[in-house]
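Please look over the structure shown below with its charged side chains in mind.

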Amino acid sequence: MSNFHDALETRDPAAREADLMAALPRQIAHAQQHTAAFASILAGVSAADVNSRAALARLPVTRKYELLERQKAARAAGGDAFGGFSALVRGPAMTRIFASPGPIYEPEGANKDYWRTARALYAAGFRSGELVHNSFSYHMTPGAFILEAGALALGCTVFPAGTGQTEQQLEAIQELKPTAYTGTPSFLRILLEKAAEAGQTLSITKASVGGEACPPSLTAWFKAQGVDVYQTYATADLGLVAYETAAREGLVLEEGVIVEIVRPGTGDPVPEGEVGELVVTTLNPGYPLIRFGTGDLSAILPGTCPTGRTGTRIKGWMGRADQTTKVRGMFVHPGQVAEVVRRFPEVKKARLVVSGEMANDQMCLQVEAASLSEELHNGLAQALRDVTKLRGDIVLAAPGSLPNDGKVIEDARTYN
């Protein structure tokens with residue numbers, strides 16, 4: 001059995017780059033012709049001339065908040081819910097529509113393995129005939145479907161566990177005996193700990209995790225429990241971007257994307273090895289995002305993967321280029337903190353502090369107010385849950401005591 005999903009993974013790097021640069025002008029022309037958003041964003045650009053990384057770097061970066069603004073504006077005007085970014089139209093070519101926080105709406109195309117995750121799952125050891133326990137959310141967001149599509153493409157069978165209901169999930173694992181898991185690392189840890197408390201040994205021996213950080217210390221903890229865990233880096237907009245291999249040396253870039261690392265706040269590529277914002281151009285014709293700024297920090301690693309895969313590698317997720325952060329697999333935006341504060345005139349200032357380690361995220365909203373009554377405390381806690389879909393603590397800070405550094409969200413987590 002091959003160690004690789006297909007021959008694309010072991011191409012000569014120069015041949016891969018030539019193929020990507022040949023596909024790039026075709027994708028730009030397609031985006032200009034079939035999406036209103038890029039017809040506007042790339043107005044005046046000659047697609048045929050964008051056939052190198054230097055030419056690509058001269059195009060504007062479209063960041064996630066700009067995509068959201070265009071979607072909101074289009075919806076407010078009674079127009080396209082996707083803000084003109086989708087080349088797919090409702091019908092057989094578009095199987096699902098998802099909603100991510102914002103809300104940002106994303107389309108799913110009908111083609112097999114639309115999100116291109118089969119490659120990542122294969123690298124994690126998933127094979128045809130195995131049962132995959134999928135604990136990503138099946139509610140509104142695409143996470144579960146992103147991994148399910150790849151598993152099905154490999155010939156696996158999927159149990160759609162979704163999130164929560166730990167006891168029922170453990171019962172299903174005991175009875176169905178899946179060998180593979182997809183979901184967040186934090187929930188996998190919960191399942192393993194709960195099983196140990198009950199004196200159970202899970203049948204799961206391999207996992208593809210995402211949605212939040214999985215530092216080496218946590219990977220080692222899983223290994224000690226008998227589970228080989230591999231990270232995927234994927235987004236609801238782009239699908240799979242990069243994946244971990246058995247070498248455990250960074251993440252190999254997916255074959256269907258062009259990745260740049262740029263200086264945060266700009267579109268200027270940084271030298272190899274320097275940390276910057278991950279900007280991705282996808283070759284997906286259905287949702288052809290050109291120079292999409294993810295807001296995530298990473299860096300290019302030198303050389304190629306010891307497993308024999310020749311694709312470029314990135315160091316992995318290294319934090320956020322802006323104050324938007326992920327808590328328990330969900331994005332939390334500064335605008336959401338502002339929305340909570342707007343509901344309570346007595347709150348003058350707020351700062352959301354995210355702390356914790358080893359997939360144990362804690363969220364605390366610190367507020368400046370003259371007094372923190374039980375009514376205000378409960379109201380803030382409920383509003384925080386309503387707006388972010390996450391629970392967090394509420395702490396009173398004396399007026400004038402919060403730092404005057406412009407931060408609305410402080411990520412104080414450790415990733416050792």
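The model is a predicted one, in which local features need pLDDT of at least 70 and side-chain atom pairs count only at pLDDT 80 or more, while totals for chains, interfaces and linings use all residues. Residues are numbered from 1 along each chain as its sequence is written, and side-chain values use heavy atoms, with hydrogens and water left out.

**Salt bridges**

- The structure holds 24 salt bridges, a salt bridge being a side-chain nitrogen of Lys or Arg within 4 Å of a carboxyl oxygen of Asp or Glu.
- One of them joins the side chains of Glu9 and Arg309, at 3.3 Å from N to O. Glu9 lies in the segment before helix H1 (13-34) and Arg309 in the loop between strand S14 (300-301) and strand S15 (313-314), so this pair ties together parts that are 300 residues apart in sequence. Helices (H or I, at least four residues) and strands (E, at least two) are DSSP runs, numbered from the N terminus.
- Arg351 and Glu410 form another salt bridge, in which the closest N and O atoms are 3.0 Å apart. Because Arg351 lies in strand S18 and Glu410 in strand S21 (residues 409-411), the pair ties together parts that are 59 residues apart in sequence.
- Arg351 is buried, with a relative accessible area of 5%, whereas Glu410 is partly exposed at 24%.
- Salt bridges that share partners join Asp6, Glu9, Arg116, Arg119, Glu254 and Arg309 into one network.

**Glu130 and its surroundings**

- Glu130 is placed in the loop between helix H5 (118-123) and strand S4 (131-134), and at 15% relative accessibility it counts as buried.
- The side chain of Glu130 meets that of Lys206 in a salt bridge of 2.7 Å, N to O. Since Lys206 belongs to strand S7 (residues 206-209) and Glu130 to the loop between H5 and S4, the pair ties together parts that are 76 residues apart in sequence.
- Lys206 also counts as buried, at 15% relative accessibility.
- The side chain of Glu130 also reaches the backbone nitrogen of Arg127 at 2.8 Å.
- Leaving aside residues up to four places away in sequence, Glu130 touches Gly125, Cys156, Thr157, Thr179 and Lys206, where contact means heavy atoms within 4.5 Å.

**Helix H11**

- Helix H11 (residues 374-388) has 15 residues and reaches 21 Å from its first C-alpha to its last, close to the 21 Å expected at 1.5 Å a residue; the expected span is 1.5 Å times one less than the number of residues.
- Its buried residues are Leu376, Leu380, Ala381, Ala383, Leu384, Val387 and Thr388. They cover an arc of only 165 degrees around the axis, which puts them on the same side of H11; the arc is that of the directions from the helix axis to the C-beta atoms.
- On the other side of H11, Glu374 and Glu375 are exposed.
- The buried residues of H11 pack against strand S17 (330-332), helix H10 (334-342), strand S18 (349-355), strand S19 (362-368) and strand S20 (393-397).
- Lys389, which follows H11, has a positive phi, near 65 degrees.

Key. Buried means under 20% relative accessible area, exposed over 50%, partly exposed in between (1.4 Å probe, protein chains only). A polar contact is a pair of N or O atoms within 3.5 Å; within protein, one must be able to donate a hydrogen and the other to accept it, and residues adjacent in sequence count only if both atoms are side-chain atoms.
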